[in-house]
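Subject: Structure for you to look over

Hello,

Here is the structure I promised. Please have a look, then read my notes below.

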Amino acid sequence: MLRICMVVFSNFPEDTRVRREAEALVSRGDRVDVISLGKLGKANIKEIQGIKQYHIPAVRYRGSNPFIYIIDYLTFCIAAALLITFLHLKKPYHIVQVHTMPDFLVFVAAIPKLLGAKVVLDVHDLMPELYVSKFGKNKNQWLVDLLTWIERASIRFAHKAIAVHKTHLEALVSHGNPENKFILLMNLPDQTILSHKVRKKSQSGTDFKLVYHGMIAHRHGLQIAIQALSHAVKEIPNLKLEIYGDGDGLQELVNLVDRLDLSSCVYFSKGFVPMEKLIPIIQEADVGIVPILYDAFTKYMLPVKLLEYVGLGIPAICSRTETIEAYFDDSMLRFSTPGDVKELAENICDLYHHSELRDSLIQNSERFNRIYNWQQQKLSYYNMLDALTTSTPKGANLE
């Protein structure tokens with residue numbers, strides 16, 4: 001049995017990738033602690049499904065000032081470093097797994113590493129590309145260069161690193177990171193969670209429902225979806241769009257809905273919804289939408305929400321990018337040009353009028369599920385961790 005501590009600058013268990021990996025480890029008998037952000041006024045330590053959670057109370061900044069982001073990151077890093085050092089001295093960990101962002105969060109594991117723990121860096125996102133996406137290509141180029149250098153230093157510090165798909169790995173290697181330092185661990189939904197529900201077959205109902213869930217930011221293109229809705233609703237009077245999630249782009253969308261007089265057509269949860277509650281909601285939808293814009297960051301995205309729509313058996317309309325096309329073709333998804341309001345509206349109307357097309361997309365996208373699934377991926381994850389622990393930290397025992 002391994003003792004593993006995960007560190008993540010997000011709210012656990014809302015971060016589905018971290019939760020999926022932690023639950024996979026617990027399911028085989030490992031002991032897992034998670035250090036994460038916590039909500040102010042909530043208990044700082046609790047246990048859920050065998051995972052012990054240590055929350056560092058903080059309010060996560062979601063604005064446009066990069067230096068406030070850095071202050072937030074550094075404050076969390078200091079607190080997490082002190083906490084993990086205390087926990088490791090109390091009872092040593094075999095592995096510390098740090099989830100980005102930020103990349104330099106990996107250095108909170110410095111003392112456990114010195115005392116023999118192995119360090120894994122799970123690189124969720126590309127920080128240099130994200131900075132360019134949020135703040136512009138020509139703003140503070142020195143900071144982009146610095147973020148790239150920090151990424152390389154962080155990966156070098158870890159014993160092993162994880163990339164989330166092929167094009168993501170190619171980008172990391174292009175930054176100067178060694179390819180042999182990585183394993184691929186795709187951000188796939190756990191089919192054991194999805195499959196215990198009866199999959200909804202596409203059919204017309206009282207309302208024609210579109211669904212989106214997850215982070216709400218300008219780069220995710222929901223403003224394009226809402227504008228497309230204003231055109232499509234003229235042809236589909238019972239059209240609805242349900243948006244489940246939160247983020248710094250939420251208020252912009254609420255204002256746009258009011259301006260276009262679409263409040264009767266658009267629903268906002270105005271907060272993240274646990275996946276257990278989202279599953280039946282998603283299955284009741286007719287179409288999932290992933291209208292991401294195209295930029296230096298999003299071109300490397302393989303959105304988890306898209307994989308969940310495919311896993312739950314609902315057809316999806318998705319922006320066309322090279323990363324998504326590396327895994328899906330036109331028979332599996334309905335593609336739209338990123339940022340094209342008219343084309344997205346036409347695709348919505350086309351899927352509304354042709355239920356056989358929705359059924360065809362569902363059937364063909366099953367090819368992805370057969371090739372890529374979490375049950376196979378987690379074996380690679382187990383093998384990587386087990387290979388790292390051939391030697392154990394001082395004071396720790398492989399029980």
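Two strands pair if DSSP finds at least two bridges between them. Strands (E, at least two residues) and helices (H or I, at least four) are DSSP runs, numbered from the N terminus. In β13, Ile317 is the bridge partner of Ile289. Strands β12 (residues 287–290) and β13 (residues 316–319) run parallel and are joined by 3 bridges.

A note on sources. This is a predicted model, where local features need pLDDT of at least 70, side-chain atom pairs count only at pLDDT 80 or more, and totals for chains, interfaces and linings use all residues. Residues are numbered from 1 along each chain as its sequence is written, and side-chain values use heavy atoms, with hydrogens and water left out.

Now the sheet. It is open, has 6 strands and pairs in parallel, in the order β11-β10-β9-β12-β13-β14. β11 (266–268) and β14 (334–336) are at the edges with a single partner strand each, so one side of each has no neighbour in the sheet. On average, neighbouring strands are turned by 25° against each other, direction ignored. Axes are lines fitted to C-alpha atoms, for helices over the stretch in contact; angles run from 0 to 180 degrees between N-to-C directions.

Helix α8 (residues 222–232) packs on this sheet. The helix touches β9 (208–215), β10 (239–246), β11 and β12, where contact means heavy atoms within 4.5 Å. The direction of α8 makes about 165° with that of β10.

Overall, the protein has 15 helices and 14 strands. Its C-alpha atoms fill a box of roughly 65 × 45 × 45 Å along the principal axes.

Best wishes
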